[in-house]
Amino acid sequence: MSTNTNPSDDTAQREIILSRVLTAPRELVWEAWTNPEHVVKWWGPRGFTNATKRHDFRVGGYWEHTMIGPDGTRYPNKSKFLEIVPLERIVYLLGGGREDGEVAGANFTATWTFEVVDANTTKVTGTLLFPTKEARDHVVREFGAIEGGRQTLERLGEQLAVMRCEPFVVAHEFAAPRDLVWRTWTEPEHFRHWFGPKGASLNIARFEVKPGGMTLFSMTLPGGQEMWVKAVYREIAPPAKLVWVTSPADQDGATVARPMWPRERLTVVTFAENAGKTTVTVRWLPLDATAEDLAAFDAGRAGAAAGWSAPFEKLTTYLSELQTPAH
């Protein structure tokens, strides 16, 4: 993804340019952008949700929706579509801001283009043009527009993965409160006791449970084979949700190729408590996947389900030990 943050001429000083190359055909990217059933799932920075009032996708039509931040702050938006060239370009005029009016809102013209890179890759570029440099700078400063745009396009990539492939899902109920289960996933002194297959030893090199942070560890299997894995966190919502991207790695944290592994796999873990018990649900999706990656992912579903049985069993035992009073 790229952004234009050092403009030189008057027009450039009023612009924010956002761009991302997505592993999906242009027709699918267009569908994700233009179908409100998909848009509502990825629009906005991480932690935001959307409530749509209307989405009239035609020239002269309006898109009215409210973005709801993680803290509950509401941001009503109203956009008028000015130009639509199917599969190629969308132009709209947007006005919006905080519902409470404590901070001045934003008005700009957005032009989004969809460029075919190859049959399975599309470059999306958004140019947001503000009336003045000051208006642009206000949105960057008060609303975090550049980082928010980056996260929005990242979430689009995740939604495209959902549209391309049925997620792998596995769940398990633990007889323990959610706060305790959360700690076993997010604190290294607990994590090392249960993660991985039976008989494997875990060596944790880094453990940074924060957005953008990395956990890097190796698993030494009973046969002596060592495997390094990294997880780069995208979203942390204690004690309910963890989102990270898993990749095969080397001991320095660089991504490496490994047979039958997608280069990046999105992992979403949710924690739901009921009557003192906690259900943990793990969802996997291959990110930026080739057709071969998707086929391998589908072929590996049964093995993935079996692979989670051992760590879940180990975690069950470990949680029981943690809750047993010391004598």
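Strands β5 and β6 form a hairpin with three residues between them, and Leu87 in the turn has a positive phi of about 70°. Helices (H or I, at least four residues) and strands (E, at least two) are DSSP runs, numbered from the N terminus. The model is predicted, so that local features need pLDDT of at least 70 and side-chain atom pairs count only at pLDDT 80 or more, while totals for chains, interfaces and linings use all residues. Residues are numbered from 1 along each chain as its sequence is written, and side-chain values use heavy atoms, with hydrogens and water left out.

The structure holds 30 aromatic pairs; rings of Phe, Tyr and Trp (its six-membered ring) pair if their centres lie within 6.5 Å, and planes under 30 degrees apart count as stacked, over 60 as edge-to-face and the rest as tilted. One of these pairs joins Trp33 and Phe114, whose ring centres are 5.6 Å apart with planes at 85°, so the arrangement is edge-to-face. Trp33 belongs to helix α2 (residues 26–34) and Phe114 to strand β7, so the pair ties together parts that are 81 residues apart in sequence. Both Trp33 and Phe114 are buried, a class that means under 20% relative accessible area, with exposed over 50% and partly exposed in between (1.4 Å probe, protein chains only).

A further pair is made by Phe195 and Phe217: the ring centres are 5.6 Å apart and the planes stand at 80°, so this pair is edge-to-face. It links distant parts of the chain, with Phe195 in the loop between α7 (188–191) and β10 (201–207) and Phe217 in strand β11, 22 residues apart. Phe195 counts as buried at 17% relative accessibility, and Phe217 counts as buried at 5%.

Helix α5 (residues 145–164) has 20 residues and reaches 28 Å from its first C-alpha to its last, close to the 28 Å expected at 1.5 Å a residue. The expected span is 1.5 Å times one less than the number of residues. Of the 20 residues of α5, 15 are buried, so the helix is largely enclosed by the rest of the structure.

The open space of the model may be considered next. On a 1 Å grid over the protein atoms alone, a pocket is an open set of points with protein on both sides within 12 Å along at least five of seven lines, whereas a cavity is a set of points where a 1.4 Å probe fits but cannot get out; lining residues have an atom within 4 Å of a point. Grid points are joined across faces, edges and corners, and a volume is the space filled by probe spheres set on the points. The largest pocket holds about 900 Å³ of space. Its lining comprises 36 residues, of which Trp261, Arg265, Trp284, Ala304 and Trp308 are the closest to the centre. Helix α9 (301–323) gives the largest share of this lining, nine residues. By class, the lining of the largest pocket has 25 nonpolar, eight polar and three charged residues; Ala, Val, Leu, Ile, Met, Phe, Trp, Tyr, Cys and Pro count as nonpolar, Asp, Glu, Lys and Arg as charged, and the others, Gly among them, as polar.

The second largest pocket holds about 710 Å³. Among its 33 lining residues, Pro45, Met67, Phe143, Ala145 and Gly148 are the closest to the centre. The elements that give two or more residues to this lining include β5, β6, β7 and α5, and α5 supplies the largest share, seven residues. The lining of the second largest pocket divides into 19 nonpolar, ten polar and four charged residues.

Some backbone features remain. A cis peptide bond, with omega about -10°, joins Pro238 and Pro239; Pro239 is placed in the loop between β12 (226–237) and β13 (241–249). Ala275 has a positive phi of about 55° although it is not a glycine. Ala275 lies in the loop between β14 (264–274) and β15 (277–287) and is exposed, with a relative accessible area of 76%.

Definitions and conventions:
Pairing = 2+ DSSP bridges.
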